[in-house]
Structures are given as structure tokens and as C-alpha cells.
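Before you work through this structure for yourself, here is a colleague's note to read beside it. Please keep the sequence and the view open while you go through the points.

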Amino acid sequence: MTLGSAPAAEGLTAAVALLAGEGVLSAGQVRATAEGIAALQRPDGAIPWFHGGHLDPWDHIEAAMALDVAGLPERALAAYRWLAASQNADGSWYAAYADAPEGVTEPTNRLRETNFTAYIAVGVWHHFLVTGDEEFLAEMWPPVRRATDFVLRLQTPGGEIVWCEDEEERQADEALLTGCSSMYQALRCALAVAEQVGHGRPDWELACGRLGHALAGHPERFADKGTYSMDWYYPVLGTALRGAAAEQRIAEGWDTFVVPGLGVRCVTPNAWVTGGETCELALALWAIGDVERARTLLRDIQHLRDDADGMYWTGRVFEADKDGNPPAIWPQEKTAWTAGALLLALAVLAEDKATVAVFGGDGLPEGLPVECSVAECVAA
């Protein structure tokens, strides 16, 4: 499938009206952002961070999902077919690829990250829910199956999944809370895909239950990355935490990571807010019913918007640094995945059914329950 230079108009107008209805962006602004993401997509379907930058599977999928909510399903389809064509024999993808005008896909980082590989299931299930295309789901079942099997080969007895493997099949010695939270959502979506195409995978059900159990009850099984905001909200975003536990987690980190009027810090103590993290937190807030704070965050982050093309800068340093350099946009990059996260957050606020299903988690398989003999887990 080779793409033209301009996005198709079918569906775009209705989707723009839906997303603009949340009052964060005008219809013209939503359309400009959708077209800005589409303009970055290569003829082979790949979506780099920006022209001349690299691309990675996870952010490519986030942008593809945004194309779907923006009413451009043919663009999203091309993105998923690029994934299928570039998948490694073992089911993985490399961590990063070069962006080249001629569409050559050369890896620039040959680590195979589990989180990046697992996310295909989220995107594929989302596209199916948007389109109802059973043939697409059958076409993508083999890549989803191979990807999920690769990821679960790196699951430990405790349920957590280590974050990468190199080309010599040497595995990392730690699991990351953010990545595993995303993989929990991905495993639930993979189970939904398997069920829809008629392939039961009880081994996946058990693995999903074990991972969810580790995320909810065993923080000691994950590397300490608590200075990163993603480790704070991702168990909620990835559907592992809901109800009172999710609300408590969000409350505990709010003052640490949220800068009123500007957005969310990427990492403490740096005076740097980032658009992607802010939009993802908005998704997590929506998931616990905190819709107004979610909408406020999306409005706050508009200082990162470039109205010339509708795209968003990755982040802004909002205080002078130790060397006296003034506040400034940094880095000088407008990324497809930042704009994509914004459109996905608008989609859940607008109650787009497919996006609500994927990020809300209601109706997604949860995996098999796990019994735990660890004392603190039993007490909980």
C-alpha cells in the first residue's frame, strides 16, 4: 500500500467535529493537527517522530491510533501494514529505525524492547474497533501472535517482563513499571484479538493475570524509576489500577509532577514539562472519572502548539537553568506522537467508542486470577 501526499477527506470532517466538541481546540485546529501527523507519514506507511528523525514502533502506533480517531483509517491501515512488513523473524521490532526519504528502513538501535513490541496489539484492536474490519484482524493476527509470544518469552516467574533483549538474546536484568503497565494493556488487547479471531490462548491469559498481579501488588519487582512521571500514572493509564487504588496513586503524585497552568514534568526535579506526558495523564484522569482536570491539562499544554502546522513541541523548560539559560522550548522537535497523544485524549473525552474501550479497559479480558502467598499481598 503506497500513500499519496494528501490525506483522504472521507471521515475526516465528522471526526474533527467530534474532537473539537470538547472545547479544547477548534475544528480547524483539530484538522490541522490530524493533517500534520499525516504529512509525516512516509509512502510505505511508517510514521517517524518528525521528518529526518528516527521512528520507533511504539510511537509509530500511537500516531497511527491518532490517525484513526481523526477519521483517516486508510492512513492507519498503512501504518499497521508497515509494522507487519518490518517485523523481525522472532516477532520483535528493533528499538529505533532511521527515517529516510526513500523509505528505507534501517535500524539504528538493535535492542528489541518488549514494550515497543507488545503495543501492536493495542493499535490493531483499536483499528478493528474503529473499522469493524474482520479481514484486517485476520491479516494482523500472525504479527500480533508472534509479537506477544516474543514478549512473554521474557516474562519472569514473578509476572514482570524484562524490558529488552539484544541480538545475542541477552536479556535485561530488570523490569520497568511504565513498560510493564503498557504491556498489561497490550496483553489484554492481544487476548481480545485472539478471542475475536477464534484462537484461544490460555497461556496468554495466565501471563496477563500474573503481570497484572505484579503491577497491583508487588512494586518491589520493578526498577526504581520514581522520579519519572510515567512511573506515577502509567499503572492507571495501562488499566492495571482502577477505583480507589488508582485515585490514591494519582493524588499521591499530583503535587510532585503537575505544574499548574503548564502541564506535567517529565522527570523531577527538572523544570521541564512535556506534551506527551501531559496528554497521557489526561487519559489516566479520564479513566478514573476526573474529566475536568483532564480537560484542564489539555488546555494547559496548548503553549506547546505551533499554529503554523498544528503540531506540538515535545516540551518546554519553564525556568532558567543552573547556567543561566532562559526558559525555552526544548528540544527543538515537534513529534508525531505528542500530537497523537493529544488527539487520543480528546477522543476519550468525546466518548469515541473504540478509544474508550482500549483505554477504559471495560470489556477487555483481564487474564486468569493469581493466588499469592506473599504475606503483604495476602494482607491486602
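Predicted model: local features only at pLDDT ≥ 70, side-chain atom pairs only at ≥ 80, totals over all residues.

1. At its N-terminal end H3 is capped by Asp56, which places a side-chain oxygen 3.1 Å from the backbone nitrogen of Trp58. Just after the helix, Gly71 takes a positive phi of about 85 degrees.

2. Helix H4 (residues 73-86) has 14 residues, and its reach of 20 Å from first C-alpha to last is close to the 20 Å expected at 1.5 Å a residue. Its buried residues are Arg75, Ala76, Leu77, Ala78, Ala79, Tyr80, Trp82, Leu83 and Ser86. The cover over these buried residues includes H3 together with helix H2 (27-40), strand E1 (54-55), strand E2 (96-98), helix H6 (120-131) and helix H7 (134-153).

3. His127, which lies in helix H6, deserves a look of its own. Is His127 buried or exposed? Its relative accessibility is 3%, and His127 therefore counts as buried. The side chain of His127 is joined to that of Asp68 by a polar contact of 2.6 Å. Not counting residues up to four places away in sequence, His127 touches Pro73, Ala76, Leu77 and Tyr80, as well as Asp68, Gly132 and Phe136.

4. Ala345 belongs to helix H14 and counts as buried because its relative accessibility is 1%. Leaving aside its neighbours within four places in sequence, the residues in contact with Ala345 are Cys279, Ala282, Leu283 and Leu298. Between the C-alpha atoms of Ala345 and Leu285, which are 60 residues apart along the chain, the separation is 9.9 Å.

5. Turning to the open spaces, the largest pocket has a volume of about 1,000 Å³. Its lining is made of 34 residues, of which Asp59, Phe116, Thr178, Met230 and Glu277 are the closest to its centre. At least two lining residues come from each of H3, helix H5 (114-118), H8, H10, strand E8 (272-274), H12 and helix H14 (336-349). By class, the lining divides into 15 nonpolar, 10 polar and nine charged residues.

6. The second largest pocket has a volume of about 420 Å³ and is lined by 20 residues, with Leu215, Ala216, Pro219, Leu241 and Arg249 lying nearest its centre. Helix H9 (202-217), H10 and helix H11 (243-257) each supply at least two residues of this lining, and H11 gives the most, with five. The classes here are 13 nonpolar, two polar and five charged.

7. How many cavities of 30 Å³ or more does the structure hold? There is one, and the volume of this largest cavity is about 50 Å³. Its lining consists of Trp58, Glu62, Tyr119, Ser182, Gln185, Tyr234, Leu237, Glu280, Leu283 and Phe359, which by class makes six nonpolar, two polar and two charged residues.

8. A final point concerns the backbone, where most residues other than glycine have a negative phi, and most peptide bonds are trans. The bond from Thr268 to Pro269 is cis, with omega near 5 degrees, and Pro269 lies in the loop between strand E7 (263-265) and E8. The bond from Trp330 to Pro331 is likewise cis, with omega near -10 degrees, and Pro331 sits in the loop between strand E12 (328-329) and H14. Although not a glycine, Thr239 has a positive phi of about 75 degrees; Thr239 is placed in the loop between H10 and H11 and, at 5% relative accessibility, counts as buried. Glu351, also not a glycine, has a positive phi of about 60 degrees and is found in the loop between H14 and helix H15 (353-360), where it counts as partly exposed at 48% relative accessibility.

How values were computed: Residues numbered from 1 in each chain as written. Heavy atoms only, no water. 1 Å grid on protein atoms, 1.4 Å probe; cavity = no way out; pocket = protein on both sides within 12 Å on 5 of 7 lines; lining within 4 Å. Points joined across faces, edges and corners; volume = space filled by probe spheres on them. Nonpolar A, V, L, I, M, F, W, Y, C, P; charged D, E, K, R; others polar. Helix = DSSP H or I, 4+ residues; strand = E, 2+ residues; numbered from the N terminus. Expected span 1.5 Å × (residues − 1). Buried < 20%, exposed > 50% of the residue type's maximum accessible area, 1.4 Å probe, protein only. Contact = heavy atoms within 4.5 Å. Polar contact = N/O pair within 3.5 Å; in protein donor to acceptor, adjacent residues only side chain to side chain.
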